[in-house]
Amino acid sequence: METALSAERLEVMQHVEKDLDSLMTEYLKPIEENWQPTDFLPDSSKDNFFTEVKLLQESCRDLPYDYMAVLIGDTITEEALPTYESWLMDVIGVDQVGHPSGWAKWVRSWTAEENRHGDLLNKYLYLSGRVNMRALEVSTQFLIADGFDIGTDRDPYRNFIYTSFQELATNVSHRRTASLAKKFGNPHLSKICGVIAADEMRHAKAYKAFVSRILEVDPSELMLALEDMMRKKIVMPAHFLRESGVKIGDTFSHFSDAAQRLGVYTTNDYIDILEALLLEWEIGAVRDINEKAEKARDYLMALPARLRRIADRTRIPELQYEFSWIN
């Protein structure tokens, strides 16, 4: 990124940083009061542990194949937190050495909350007896080792647009897996997916608030960043997902197909999220922007309708892929 642009971004990040303490109080929970994975799992120190595990396994026995695939893919995505944290720590304005109490504190605290999701789902899947845990662990290691390229560079504007979108997408995904678990007769798993979904919505509100504050002070540049991200398309953080012996990204496309078939996360959900963000940030009403930003705004406001026309012609593959993760 150009030096002049970097300097402008840094100035805006320092401006928003002044409100970070109140934003953290609003959108993150005190650690002592937060739920932990153990709260939702059988207690291995109790005499009834094996009885509870048996009941858990019985409740998972009839979960459909596609559902298990989506749940495992969601778990691996959540487990790749080290990648996401290291990426955000490198964003302009995040300084964990010179100013560790500002943006760096937000990134670490957000990561700490997110980290519970993978821990909980991983332990649940381990106890379920339905999963080849070694294959899952190999995919997780690949995903962290392969990293990702989400098209944001070190730009905080693009990164916060991305995280706003992404947190809403994971909220939809976990909310739907919660509803389906209930439908499939597993209220325990439904509760687990539900508490994770609630976290994702809280985090989405935080990142949306960051973007709103940037929009107030640098609307033209934010508009151009949003247009750029939407032209590239928002890729999922696990878009490099793979299994042993499988090319980078191939497993992710099969995981996405399973999610579409189940209705857990679809092309229309992507468009709904875009529409919701355009509305929340009042993109159509933004004024005092330069000519390039005005063109960007016109493109963005017309985009949902254009994407819906394409989505209407898209067919979801019916073929079930055989994942190495599922016993």
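In the predicted model, the buried residues of helix α11 are covered by elements that include α4 (65-79) and α12 (267-280). The residues of α11 that are buried are Thr 251, Phe 252, Phe 255, Ala 258, Ala 259 and Gln 260. Directly after α11, Gly 263 adopts a positive phi of about 80°.

A pair of aromatic rings is described by the distance of the centres and the angle of the planes. With ring centres within 6.5 Å taken as the criterion for a pair, the count of aromatic pairs is 18. In one of these pairs, the ring centres of Trp 103 and Phe 160 lie 5.2 Å apart with the planes at 35°, and the pair is therefore classed as tilted. This pair connects distant parts of the chain, since Trp 103 belongs to helix α6 (residues 103-128) and Phe 160 to helix α8 (residues 156-183), at a separation of 57 residues. Trp 103 and Phe 160 are both buried.

A second pair is formed by Trp 106 and Tyr 207, whose ring centres are 5.6 Å apart and whose planes meet at 85°, so that the arrangement is edge-to-face. Because Trp 106 is located in helix α6 and Tyr 207 in helix α9 (residues 187-217), this pair ties together parts that are 101 residues apart in sequence. Trp 106 has a relative accessibility of 1% and thus counts as buried; Tyr 207, at 0% relative accessibility, likewise counts as buried. Through ring pairs, Trp 103, Trp 106, Trp 110, Phe 160, Tyr 207 and Phe 210 are linked into a cluster.

The charged end of Arg 116 is placed over the ring of Trp 35, at 3.9 Å from the ring centre. Arg 231 is positioned over the face of Tyr 299, 3.8 Å from the centre of that ring.

Helix α6 also contains Glu 114. With a relative accessible area of 4%, Glu 114 is buried. When residues up to four places away in sequence are left out, Glu 114 touches Glu 78, Leu 81, Glu 167, Glu 200 and His 203. Of these contacts, Leu 81 is 33 residues from Glu 114 along the chain, and the C-alpha atoms of the two residues are separated by 7.5 Å.

Rolling a probe the size of a water molecule over the atoms shows where empty space is left. One cavity of 30 Å³ or more is present in the structure, and the volume of the largest cavity is about 230 Å³. The lining of the largest cavity consists of 18 residues, of which Tyr 84, Trp 110, Gln 166, Glu 167 and Pro 237 are the closest to its centre. Two or more lining residues are contributed by each of α4, α5 (81-88), α6 and α8. Helix α8 provides the largest share of this lining, with six residues. Among the residues closest to the cavity centre, Trp 110 is also a member of the aromatic cluster, and Glu 167 is also a contact of Glu 114.

Note on methods. Residues numbered from 1 in each chain as written. Predicted model: local features only at pLDDT ≥ 70, side-chain atom pairs only at ≥ 80, totals over all residues. Heavy atoms only, no water. Phe/Tyr/Trp six-rings, centres within 6.5 Å; stacked < 30°, edge-to-face > 60°. Helix = DSSP H or I, 4+ residues; strand = E, 2+ residues; numbered from the N terminus. Buried < 20%, exposed > 50% of the residue type's maximum accessible area, 1.4 Å probe, protein only. Lys NZ or Arg CZ within 6 Å of the ring centre and 35° of its normal. Contact = heavy atoms within 4.5 Å. 1 Å grid on protein atoms, 1.4 Å probe; cavity = no way out; pocket = protein on both sides within 12 Å on 5 of 7 lines; lining within 4 Å. Points joined across faces, edges and corners; volume = space filled by probe spheres on them.
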